[in-house]
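Dear colleague,

Here is the structure that I promised to pass on to you. Please look it over first, and then read the notes below it.

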Amino acid sequence: MKMAAQFMKSGARVRRAQRAKRSEYLERDVDVKFTDVAGLGKIRLELEEIVKFFTHGEIYRRRGVKIPGGILLCGPPGVGKTLLAKAVAGEAGVNFFSISASQFVEIYVGVGASRVRALYQEARENAPSVVFIDELDAVGRERGLIKGSGGQERDATLNQLLVCLDGFEGRGNVITIASTNRPDILDAALVRPGRFDRKIFIPKPGLIGRVEILKVHARKKPMAHDVDYVAVAGMTEGMVGAELANIVEVAAINMMREGRTEITTDDLLQSAQIEERGMLDKKDRSPEIWKQVAINEAAMAVVAVNFQDLKNIEFITIAPRAGRELGYVRVKMDYIKLEQGFLSRQSILDHITVQLAPRAADEIWYGEGQLSTIWAEAADIARSAARALVIGGLSDSNYGVPISWATDRINDIDTEALRILNMCYERTKKILEQNRKLMDAVVDALVEKRSMNKQEFMNLVELHGCIEPSPPSILDIRASKRAQMQSMIAQGSSS
């Protein structure tokens, strides 16, 4: 006590912190607006409404409208879920707290839950604010699947997150936005209404959306005045915003490498091919290999141009890509039909026929004794498609049965699939033999120039092609029936 008294008499004082602790999760200077995010379409209306919850929240509350506490953004990787969350905070002018769900997960029980509490405590102290949790599936998987201390920690963390989302600790002006590309594996208690009240699915952008995204990323780049964004967007079917941004960056690097001052359409088209297929492989190859590859790719293009869903061929190339195939044919298809499963039976049969074209061309040009394995991958795709056709109930034998007991009849399914392959193979050989002149012309052009665009290929088709007539569409059938009816009425009135 005597020593303590002397210490106090000396005038010493405990030094206190002059500044509050800096927020661990707050992102400062978030200056992202909706103008920086393109390709949204009608999704933008949903996001603008979330902004109104902050700017006009009192109007909603006065009229009895419950402001959602959680919004779940779902979509494939690279569509811009994180960017959209920042744009909501930037448009509303509120604080933005960001964390990855994997930061919650620790091996020691209780650490993750304490981080969840700390995150929401900071968000409430700095309200109004947006709490963004990236890759929610890292902590939000269904409970009880993982045993041991790691599973206990994950479950405890998820339970704490459920409490914070459910309002037991008070929402205030805090809205949680989470993103995931695996909504199917999330815990049912996490995604129910009352926690994540609104679920917004962000799909891959369409043609107009890709044009807008390319223009957004090209704002600060020295673009040529005649850049054809529509042509580039047409070459990037199925790509997301992150891939489109990378295309513009690769095109800018190519411009600098060649010492130019502007990015042209050719730069963007070349970088689109690099994004899709990889860098060019500049190794030299013998004339025999070039010709064999040209025959395989020309066969696929010549057969595909006979079919309605596959006739839109954008280009053919035998320029090899590093780590990829030696050549390929790019066909522009309807991705809505392809991804949503709206392909007809005839479309699948046409697809199988095209995949068998390299095998048929190898046999016609080199004979059965000189067959190679260059067509093996395409043939494997054809076999898988034939089995799927049979199991899906679209074959003549109608094996439309569940997978659970389809394995009991695997021999019958393989027999029917083989019959379909043989039928498509004979059809492929017939088309190639009818278009022998077209094949020779396309092969010679590919060996000489290594690639062909759509216009060059269609010019050869008009000169040398023998194309099967397309089946009449529904509109054509209706028009013919209408004409027949009108002629019958005219004949009846005249008599």
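Helix 2 (residues 43-55) has 13 residues, and from its first C-alpha to its last it reaches 19 Å, close to the 18 Å expected at 1.5 Å a residue (the expected span being 1.5 Å times one less than the number of residues; helices are DSSP runs of H or I with at least four residues, strands runs of E with at least two, numbered from the N terminus). Please bear in mind that this is a predicted model, in which local features need pLDDT of at least 70 and side-chain atom pairs count only at pLDDT 80 or more, while totals for chains, interfaces and linings use all residues. Residues are numbered from 1 along each chain as its sequence is written, and side-chain values use heavy atoms, with hydrogens and water left out.

The buried residues of helix 2 are Ile43, Leu47, Ile50, Val51, Phe53 and Phe54 (buried means under 20% relative accessible area with a 1.4 Å probe, protein chains only). Because they cover an arc of only 145° around the axis, they lie on the same side of helix 2 (the arc is that of the directions from the helix axis to the C-beta atoms). Among the elements that cover them are helix 3 (57-62), strand 2 (70-74) and helix 4 (81-92), by contact, that is, heavy atoms within 4.5 Å.

Elsewhere, helix 12 (265-277) and helix 17 (376-391) are among the elements that each supply at least two residues of the lining of the largest pocket. Helix 12 also gives the most to the lining of the second largest pocket, with 7 residues.

Best wishes

How values were computed. Buried < 20%, exposed > 50% of the residue type's maximum accessible area, 1.4 Å probe, protein only.
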